[in-house]
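Here are my notes on the model you sent. Please read them with the structure open.

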Amino acid sequence: MDGLRPIPLHSMSFRLTDHEGYDVDPETLIGHPSMVFFGFTFCPDVCPTTLSDISGWLDALGPEAQALNVVFITIDPERDTVEAMAEYVGYFHPAIRGWTGSVEQISRAAEEFRVRWEKIPTEGGDYTMNHTASVFLFNSAGRFVSAIDYHEPPEFAVPKIRRALQDKKEGTK
């Protein structure tokens with residue numbers, strides 16, 4: 001799936017639960033530009049680094065950031081319960097929402113976003129997760145605009161986000 005663009009949000013059909021226990025789906029995102037990242041709370045480096053980067057980007061955007069939906073979707077639903085997601089996203093920018101669901105629900109969302117993920121056993125019977133580490137940007141109509149790569153400098157990431165925000169005008173229904 002690497003290299004494939006996510007399908008438009010209006011063509012997706014996933015159903016998940018946010019970190020406050022509310023049902024969410026693609027319609028939750030349509031109407032505002034959106035930034036979506038897949039990861040997991042037990043991630044040792046990529047996920048907390050990316051969520052810290054996202055927090056910095058949101059701070060750099062200032063009031064403009066209020067127009068964005070910002071979502072962190074787990075690829076480890078066995079450990080990432082609603083409660084675990086609520087605690088984890090609490091360490092980052094308050095605009096970041098955590099979404100979880102069953103393995104089947106996460107699989108559907110990952111497929112529609114074109115995210116690759118796999119469970120990797122580690123010593124002692126534990127496991128880690130390998131996954132796509134890009135942040136996906138969508139305009140307010142739900143059309144994919146761009147991706148931000150892992151460790152992309154803020155001087156490149158923030159303009160991409162602004163482009164998704166500007167696309168709001170042409171993307172509205």
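Predicted model: local features only at pLDDT ≥ 70, side-chain atom pairs only at ≥ 80, totals over all residues.

1. Sheet layout. Seven strands form an open sheet with mixed pairing. Their order is β2-β1-β5-β4-β3-β8-β9. The edges are β2 (23–24) and β9. Each edge strand has a single partner, so one side of each is left without a neighbour in the sheet.

2. The parallel pair. Strand β3 (residues 34–39) runs parallel to strand β4 (residues 69–74). Six bridges join the two. In general, strands of a sheet pair through backbone hydrogen bonds, either parallel or antiparallel.

3. The antiparallel side. β3 also pairs with β8, here in the antiparallel sense and over four bridges. S34 stands opposite F138 in β8. β8 and β9 run antiparallel too, joined by four bridges. There, L137 has S146 of β9 as its bridge partner.

4. Side chains of β8. Which residues of strand β8 (residues 135–138) point one way, and which the other? V135 and L137 take one direction, F136 and F138 the other. All of these are buried. The general rule is that side chains in a regular strand alternate between the two faces of the sheet.

5. The β8–β9 hairpin. Five residues lie between the strands of this hairpin. Among them, check G142: it has a positive phi near 95°.

6. Helix α2, length. The 16 residues of α2 should span 22 Å at 1.5 Å a residue. Its end C-alpha atoms are 22 Å apart, which agrees.

7. Helix α2, buried side. The buried residues here are V46, C47, T50, L51, I54, S55, W57, L58 and L61. They cover an arc of only 165° around the axis, which puts them on the same side of α2. As background, an α-helix has 3.6 residues a turn, so residues three or four places apart point the same way. Just after α2 comes G62, with a positive phi of about 60°.

8. Cavity. How many cavities of 30 Å³ or more does a search of the whole structure find? The answer is one. The largest cavity holds about 50 Å³ of space. Its lining consists of T50, D53, W57, A133, V135, I148, D149, Y150, H151 and E152. Helix α2 (residues 46–61) gives the largest share of that lining, three residues. By type, the lining has five nonpolar, two polar and three charged residues. Of the lining residues, T50 and W57 are also on the buried list for α2. V135 lines the cavity and is buried in β8.

9. H151. This residue of the cavity lining has a positive phi of about 65°, although it is not a glycine. H151 sits in the loop between β9 (144–148) and α5 (154–171). Is H151 buried or exposed? Its relative accessibility is 53%, so H151 counts as exposed; the cut-off is over 50%.

10. R114. Here is another residue that is not a glycine but has a positive phi, about 65°. R114 is placed in the loop between α4 (103–113) and β6 (117–121). Its relative accessible area is 24%, so R114 is partly exposed.

Terms used: Residues numbered from 1 in each chain as written. Heavy atoms only, no water. 1 Å grid on protein atoms, 1.4 Å probe; cavity = no way out; pocket = protein on both sides within 12 Å on 5 of 7 lines; lining within 4 Å. Points joined across faces, edges and corners; volume = space filled by probe spheres on them. Nonpolar A, V, L, I, M, F, W, Y, C, P; charged D, E, K, R; others polar. Buried < 20%, exposed > 50% of the residue type's maximum accessible area, 1.4 Å probe, protein only. Expected span 1.5 Å × (residues − 1). Arc of directions from axis to C-beta. Pairing = 2+ DSSP bridges.
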